[in-house]
Amino acid sequence: MPKHYRPAGKKKEGNAARYMTRSQALKSLQVNLNLFRRLCIVKGIFPREPKKKVKGNHHTYYHVKDISFLQHEPLLEKFREIKTYQKKVQKAKAKKNEELARLLLTRQPTYKLDRLIRERYPTFIDALRDLDDCLTMVHLFAVLPASDRENLEVKRVHNCRRLSHEWQAYISRTHALRKVFVSVKGIYYQAELEGQKITWLTPHAIQQVFTNDVDFGVLLTFLEFYETLLAFTNFKLYHSLNVKYPPILDSRLEALAADLYALSRYIDASSRGMTVEPKVDASSSSQSNDRAESELRLAQLQHQLPSSEPGALMHLVADKEVEEDEETRACKSLFKDLKFFLSREVPRESLLFVLPAFGGTVSWEGEGAPFKEDDESITHHIIDKPSAGHMYLSREYVQPQWIYDCVNARIILPTEKYLVGSRIPPPHLSPFVDNEAEGYVPDYAETIKRLQAAARNDVLPLPGVGKEDLEDPQNLLYAGFMSRTEEIEAAENKKTMAEREKQYHEELKKELKKEVTGSVVDDVAAPVVEEGEGEESSVPDAAQIAQDTADMPTLMMSRKKRKLYDAMKIGQKKKSESVERIKQRKKNLKADQ
Amino acid sequence: CPLLQTHTFLSSLSLLNQTPRRRERAPERDSEMGNRSKSSRKGKKAWRANISTEDIEDFFEKSTKDALSGGNLSAAPSEDLFHVDKSHDIPVKWKIEKHREKVLRCDSVLKKNPFVQVVSSSKPKSKISKKNTNVVESKTLKQAQKNVDDGSVMTDLWGDDDDDNNGEHEKNPRKIWKMTSTIPAVEVDPAGCSYNPTAESHEDMLAEAVAQEMQKVYKAELGPEPVPLTIDGEANIEDEAGLLSVCNRIINGKSAYFLGVDNGSEGEEEADAENESSEAGNKKLARTTKRVTRVVLNKRSRQKALRKMETKEKLKEKLSKEIDSLPKILKEIAKDDKEKQNKLIRKKIAKEEVLKIRPPRLGKHKYEAPPVQVLLTEEMTGSLRKLKACCTLARDRFKSLEKRGILVPSKNIRRSLYRALDKKKYLLILGKPFGATSDKPICHFPEKCAESALKFLFRCSVVAASKYKISNYEDFMWVTKDELLAFFPEHAEFFNNTIVS
């Protein structure tokens with residue numbers, strides 16, 4: 001509605017003027033409900049709750065400005081155009097003019113969401129910040145079965161699958177994965193990209209189904225937007241690695257449903273091609289077309305290499321592109337010298353994503369795998385059966401949980417508790433829970449902490465012995481030395497501090513003694529007794545002082561602050577009580593067992 | 001004959017030419033007519049001989065004039081008549097050049113020195129449009145480049161952020177879209193929801209799940225009892241009016257359910273009646289009392305005055321007391337104010353806290369939290385392979401959208417088969433089934449559908465009224481699933497299988 005025109009009886013200000021119900025919005029936009037919902041989703045406009053619901057509590061309200069924002073959306077016109085076009089097609093069909101209908105269908109108008117993405121996420125960081133929901137949705141629809149009833153086409157499922165694999169390949173390539181948590185719902189991952197923590201949830205490999213209580217139409221609309229968003233994000237990320245975006249994959253691997261592996265190989269190959277490329281093309285004309293072609297050829301050559309040594313392929317790549325922070329380095333070298341083999345029954349997709357992200361080399365049972373089960377150099381065999389058939393002595397047979405726990409702890413945990421055929425493995429702890437804040441540390445978390453401390457001591461004295469050949473040696477050595485010297489310094493500091501404290505205490509004691517002796521000079525005859533007495537008298541004094549010092553701030557505080565302080569105390573007490581309760585419960589449990 | 005032809009031609013011409021003239025003359029004629037109406041019509045002017053032939057004469061006059069001057073002007077094309085005078089126009093191009101050529105003196109002075117760069121004294125006006133075109137050009141250029149080296153259609157959406165940050169607007173673009181709530185898009189489950197949790201945290205989560213379930217149970221128990229769908233009693237279905245009687249019984253049952261209230265009101269009425277009768281008795285008694293004497297009246301009036309005085313004094317005392325305690329009252333008021341303020345703050349904080357857990361009320365229905373996804377103790381196997389498939393992620397996503405206030409929660413999310421069969425009613429017909437041997441009407445499903453009951457159940461609600469002529473049957477009835485089972489106990493198993501529930 002234009003500003004200058006206000007119909008009679010319409011409010012000028014207040015909630016009645018600022019908000020309109022959904023049906024009013026439909027009327028003013030002249031669209032149907034379906035289209036309106038669609039527009040709202042792609043445009044990011046959501047209902048509000050006005051303070052005063054003028055039309056009643058059972059209505060949904062939208063802000064007037066939101067609606068006028070929709071009114072100026074070019075997509076609205078486009079949707080109308082599409083609608084009229086559909087009518088044409090219908091008419092042709094009704095008149096049994098099949099040919100015309102087919103012809104019309106080939107020339108259907110389409111729409112793009114690029115502009116909207118740019119509008120909603122003006123910078124790349126904005127997009128990354130809001131990627132959680134997007135990733136979860138895309139991962140979910142990648143495993144849903146295509147269905148006619150729900151209007152979910154095979155093409156879209158494949159697209160989702162492709163996008164999710166591209167994302168995973170990038171994350172594992174840049175070693176940006178930080179946390180993994182296997183819950184009942186699915187597997188939570190957390191990655192860190194450009195300082196943003198991105199958390200997403202992927203479903204378990206168990207088949208997902210369509211449920212009645214979910215409106216899949218709405219979800220599909222969301223998915224449409226998210227697909228576009230993720231495609232652009234992937235594009236940007238891949239280009240930051242100097243890799244062409246819509247990746248060209250090895251068709252053989254793709255057919256074998258090993259997309260992720262194919263993708264990682266593709267990235268390796270093309271980024272390597274890029275680094276090599278200047279030498280090759282320096283003499284020849286460096287036209288972009290030529291370069292693209294040569295690169296393509298190179299990539300294809302890479303694919304044609306014997307697939308027995310992808311590890312070698314990976315290590316050939318010079319990692320220059322990013323200045324890595326410490327955590328990334330730690331993540332990268334976690335599984336560095338280990339070789340994994342996945343059994344049939346373990347969640348392959350997840351592990352194929354996680355293991356390379358932490359520097360491990362991995363293979364699986366099936367065709368197209370980089371190495372076979374009987375490879376001698378395999379160090380760990382991931383298995384989820386009560387017993388393996390043929391056991392190699394050279395490798396350890398562990399349950400998949402071991403990998404997740406190692407990843408979360410950032411050290412290689414001892415495998416005894418995770419061995420195949422043994423009982424239930426130790427509990428899988430959530431890395432998203434901050435134990436310190438919670439105040440309660442589970443047993444296993446404590447053992448892990450101890451192990452971590454031990455590992456730090458182990459690793460630090462010998463920095464970069466096995467890594468020298470692969471990493472930038474000087475840098476790593478330097479870092480190692482730095483951290484080591486720092487550690488040593490810290491330890492020394494601590495020691496000196498402790499000594500000083502001791503000294504100080506001794507001096508204090510001496511002074512006290514002096515005082516006592518000074519005050520009771522005449523009783524020189526029994527110094528021993530006096531000393532004891534003096535100490536005794538000083539002890540309650542000290543307690544008094546301590547209490548005073550504790551009370552001092554409370555006395556100094558204003559009443560308001562004191563109240564607040566008390567409230568805080570109560571909260572802390574409650575927390576500690578709950579911790580106590582948990583401990584008690586645990587004790588009871590143990591007693592029962 | 002040619003003469004006649006020319007004459008007719010002329011007359012037609014005259015007619016053509018007359019039309020404007022006539023229009024011109026119309027007012028004159030009117031005035032004439034006005035005069036005529038005033039005077040007698042029997043005068044000379046009414047005679048035919050006096051009708052003016054002016055127009056014809058005019059025409060001839062004009063045509064001769066035209067012939068003399070060299071043709072009718074109105075017939076001539078406008079190009080011949082007029083011409084555009086371009087002698088004083090400045091050509092557009094020249095105009096612009098002139099504008100450009102005008103060099104200010106200060107500029108021209110500077111221009112003489114080749115080492116001094118000329119700074120134009122005025123800014124170009126069309127900066128915005130220029131910038132736009134630039135952006136478009138660069139974009140297209142980039143696109144072209146990308147297309148060349150990628151072979152793809154995609155472009156970097158955020159690519160030009162770094163390149164052309166001319167102006168704060170580009171550098172710090174306004175983010176239009178805002179988050180609807182503080183709830184994160186992907187909430188990580190607590191530790192107890194792990195597939196292999198520690199015993200303590202698992203117990204915690206189980207307790208939470210149990211609490212959720214119990215809340216539902218308590219709510220159901222404390223709420224009002226629903227109206228019963230069926231009433232106990234013998235249903236005589238074989239009877240002709242069986243169905244109707246059942247119907248009536250149901251209706252009666254409902255009405256009986258509401259009758260309880262009515263009974264209460266009746267009781268009140270009775271009580272009222274009793275009150276009235278007692279009052280009547282009192283009046284009789286009053287009439288029998290003694291008359292009031294003058295002495296008594298005086299006494300009463302004195303007492304009344306005394307009472308009045310007393311109350312006045314009391315009021316005064318009270319007022320003085322209140323004035324004395326003014327500071328106290330003020331303090332009380334301040335205290336009240338403070339309390340109110342605190343209450344307000346508390347309310348605000350509580351609201352914010354609530355918004356962290358669930359969305360504001362956006363529509364007709366409240367948001368209902370999904371159940372906690374936690375394994376039961378016997379389901380904990382410690383193996384990923386044997387993990388129970390308990391929920392699809394789609395539901396979780398949907399609930400999350402609702403929780404963040406992006407979608408409006410709704411009860412009937414979609415018309416499912418389950419709901420259609422459970423809530424919709426089925427048509428039963430009382431009449432002679434097709435191919436029946438006996439004459440006695442039987443209660444049955446409409447024909448055609450009996451063999452494929454499921455299909456029928458699905459369609460009947462739409463078809464029934466129009467397709468089946470109700471008049472052919474003696475009676476019909478819509479029944480719910482439960483009633484259907486009650487009518488055909490012998491087919492109960494079949495129904496249970498076909499009707500999803």
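Which residues of α2(B) are buried? The views below answer this and then turn to chain A.

This is a predicted model: local features need pLDDT of at least 70, side-chain atom pairs count only at pLDDT 80 or more, and totals for chains, interfaces and linings use all residues. Residues are numbered from 1 along each chain as its sequence is written, chains are lettered from A and ligands numbered from 1 in the order in which they are written, and side-chain values use heavy atoms, with hydrogens and water left out.

**View 1. Helix α2 of chain B has a buried side and an exposed side.** B:Asp55, B:Asp58, B:Phe59 and B:Asp66 are the buried residues of α2(B). Buried means under 20% relative accessible area, exposed over 50%, and partly exposed in between (1.4 Å probe, protein chains only). The four cover an arc of only 100 degrees around the axis, which puts them on the same side of α2(B). The arc is that of the directions from the helix axis to the C-beta atoms. An α-helix has 3.6 residues a turn, so residues three or four places apart point the same way. On the other side of α2(B), B:Glu61, B:Ala67 and B:Leu68 are exposed. The helix runs over residues 54-69, and its 16 residues should span 22 Å at 1.5 Å a residue. The expected span is 1.5 Å times one less than the number of residues. The end C-alpha atoms are 22 Å apart, which agrees. Just after α2(B), B:Gly70 takes a positive phi of about 100 degrees.

**View 2. Chain B as a whole has 17 helices and three strands.** Helices (H or I, at least four residues) and strands (E, at least two) are DSSP runs, numbered from the N terminus. Of the 501 residues in chain B, 21% are buried.

**View 3. Three strands of chain A form an open sheet.** The order is β3-β4-β5, with antiparallel pairing. β3 (177-182) and β5 (196-203) stand at the edges, each with a single partner strand, so one side of each is left without a neighbour in the sheet. The twist averages 15 degrees from one strand to the next. Two strands pair if DSSP finds at least two bridges between them. Five bridges join β3(A) to β4 (residues 186-193). A:Phe181 has A:Tyr188 of β4(A) as its bridge partner. Helix α18 (residues 401-409) of chain A packs on the sheet and touches β3 and β4. Contact means heavy atoms within 4.5 Å. The direction of α18 makes about 135 degrees with that of β3(A). Axes are lines fitted to C-alpha atoms, for helices over the stretch in contact, and angles run from 0 to 180 degrees between N-to-C directions.

**View 4. β4(A) and β5(A) form a hairpin.** Eight bridges pair the two strands in the antiparallel sense. A:Glu192 stands opposite A:Lys197 in β5(A). Two residues lie between the strands, and A:Glu194 in the turn has a positive phi of about 50 degrees. Seven of the eight residues of β5(A) are buried, so β5(A) is largely enclosed by the rest of the structure.

**View 5. A:Val184 sits in the loop between β3 and β4 of chain A.** A:Val184 is buried, with a relative accessible area of 3%. The C-alpha atoms of A:Val184 and A:His204 are separated by 8.5 Å. These two residues are 20 residues apart along the chain.
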